[in-house]
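Here is a friendly briefing to read with the model open beside you.

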Amino acid sequence: MTQTIFIYPLELILTLSLILGLVVGSFLNVVIYRLPLQLQNSWRHDALDFLGQEPPEAVKKFSLVYPPSRCTSCETLIKPWQNIPLLSYLLLKGRCKTCAAPISIQYPIVELLCGLLSVAVVYHFGLTAQAAWALLFTWVLIALTGIDLDHQLLPDNLTLPLLWLGLLVNMSGTFVALADAVAGAAAGYLVLWSVYWAFKLITGKEGMGHGDFKLLAALGAWLGWEQLPLIILLSSAVGALIGTIGILLKGREKQTQIAFGPYLAIAGWIALMAGEQITSGYLQLF
């Protein structure tokens, strides 16, 4: 925890942080579900427009806020009280009130995860500008993780704004010096870009998506080039471990594609919270 004096009781601050995180987590569920569909509709719209065909009205209007949320099974509109983070899932016992279709466990997991990580960020950074930016950074990483797990996609709509925002935030040295942020963004992109092309030239196959380049560049923009080795090491280790477990437990084929974005996001968040301590502790061992 940073040396920050809380004007208000710590318990109150952390409780409010939890509530804020739960509410934001509910919105992130919408982003995780709808943004990929919105992008697919946009691509479909562009393709039909190129062919001189009129896109369906549903394709034109679909967005993060339209149409209103409804059960994916029976199409019944979801009432406001059924959108209360965590509580509504418990009250409904994980099922639609109308048709009793199961509600994905992903919704309460994302809400709870967002709430707990928000509490950790505020506890670590205190009531500071750093905490506000770190919360935004955390929330975007959660959204990217959910989307990549579901669709193996890291949308430019999130990765590129995250990258540029990191540079802007560090213009005043919020997390690192601007020069370190610029170097981090460039190095983060080029490292995975080089790995991608080396792997493709050797095997003739694509080893990762371009979104991974942009996400690591964004992490470098926020945390600086010095944190990149730690992020790469942690993400690779976690990815290898989970991939191996998946093969052993589920019989997953070795050639099965695995989303790498979530491991980068996890490593990036760890580096945000404790990167300097981990690096300095490691160096002290030698």
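Please keep in mind that the model is a predicted one. The points below begin with loop residues, then move to helix packing and end with the aromatic rings.

- Gln 152 sits in the loop that joins H5 and H6.
- The phi angle of Gln 152 is near 50°, a positive value in a residue other than glycine.
- As background, most residues other than glycine have a negative phi.
- Leu 86 is another residue other than glycine with a positive phi, here near 65°.
- The loop that holds Leu 86 runs between helix H2 (57-61) and helix H3 (87-91).

**Helix H1**

- Thr 15 belongs to helix H1, which covers residues 10-50.
- With 42% relative accessibility, Thr 15 is classed as partly exposed.
- From Thr 15 to Arg 34 there are 19 residues along the chain, and the C-alpha atoms of the two are separated by 29 Å.

**H1 against H4**

- The axes of H1 and H4 come within 7 Å, and the two helices cross at roughly 140°.
- H1 and H4 are therefore oblique to each other, since an angle has to be over 145 degrees to count as roughly antiparallel.
- H1 and H4 make a right-handed crossing.
- Sorted by class, the contact of H1 with H4 holds 17 nonpolar, 8 polar and 1 charged residues.

**H4 against H5**

- Helix H4 (residues 106-125) packs on helix H5 (residues 129-151) at an angle of about 155°, and their axes are 9 Å apart.
- That angle makes H4 roughly antiparallel to H5.
- The crossing of these two helices, H4 and H5, is right-handed.
- On the H4 side, the contact residues include Gln 106, Val 110, Cys 114, Leu 117, Ser 118 and Phe 125.
- On the H5 side, Gln 130, Ala 131, Leu 135, Trp 139, Ile 142 and Asp 150 are among them.
- The contact of H4 with H5 divides into 11 nonpolar, 4 polar and 1 charged residues.

**H4 against H10**

- Helix H10 spans residues 261-284, and the axes of H4 and H10 come within 11 Å, crossing at roughly 30°.
- H4 passes H10 in a left-handed crossing.
- From H4, the residues Leu 117, Ala 120, Val 121, His 124 and Phe 125 meet Trp 269, Leu 272, Met 273 and Gln 277 of H10.
- By class, 7 nonpolar and 2 polar residues make up the contact of H4 with H10, with no charged residues.

**Aromatic pairs**

- How many aromatic pairs does a search of the whole structure find? The search finds 7.
- One of these pairs is Phe 175 with Trp 222, which is tilted, with 5.9 Å centre to centre and 45° between the planes.
- This pair links distant parts of the chain, 47 residues apart: Phe 175 is in the loop between helix H6 (156-169) and helix H7 (178-203), and Trp 222 is in helix H8 (residues 210-223).
- Is Phe 175 buried or exposed? At 17% relative accessibility, Phe 175 counts as buried, because the buried class covers values under 20%.
- Trp 222 is buried too, at a relative accessible area of 0%.
- In the pair of Tyr 189 and Phe 213, the ring centres are 5.5 Å apart and the planes are at 85°, so the pair is edge-to-face.
- Tyr 189 lies in helix H7 and Phe 213 in helix H8, so this pair ties together parts that are 24 residues apart in sequence.
- Tyr 189 is partly exposed, with 29% relative accessible area, whereas Phe 213 is buried, with 1%.
- Ring pairs also join Phe 125, Phe 137, Phe 175 and Trp 222 into a cluster.

Note on methods: Residues numbered from 1 in each chain as written. Predicted model: local features only at pLDDT ≥ 70, side-chain atom pairs only at ≥ 80, totals over all residues. Heavy atoms only, no water. Phe/Tyr/Trp six-rings, centres within 6.5 Å; stacked < 30°, edge-to-face > 60°. Helix = DSSP H or I, 4+ residues; strand = E, 2+ residues; numbered from the N terminus. Buried < 20%, exposed > 50% of the residue type's maximum accessible area, 1.4 Å probe, protein only. Axes fitted to C-alpha atoms, helices over the stretch in contact; angles between N-to-C directions. Parallel < 35°, antiparallel > 145°, perpendicular 65-115°, else oblique. Left-handed = near helix turned anticlockwise from the far one by under 90°. Contact = heavy atoms within 4.5 Å. Nonpolar A, V, L, I, M, F, W, Y, C, P; charged D, E, K, R; others polar.
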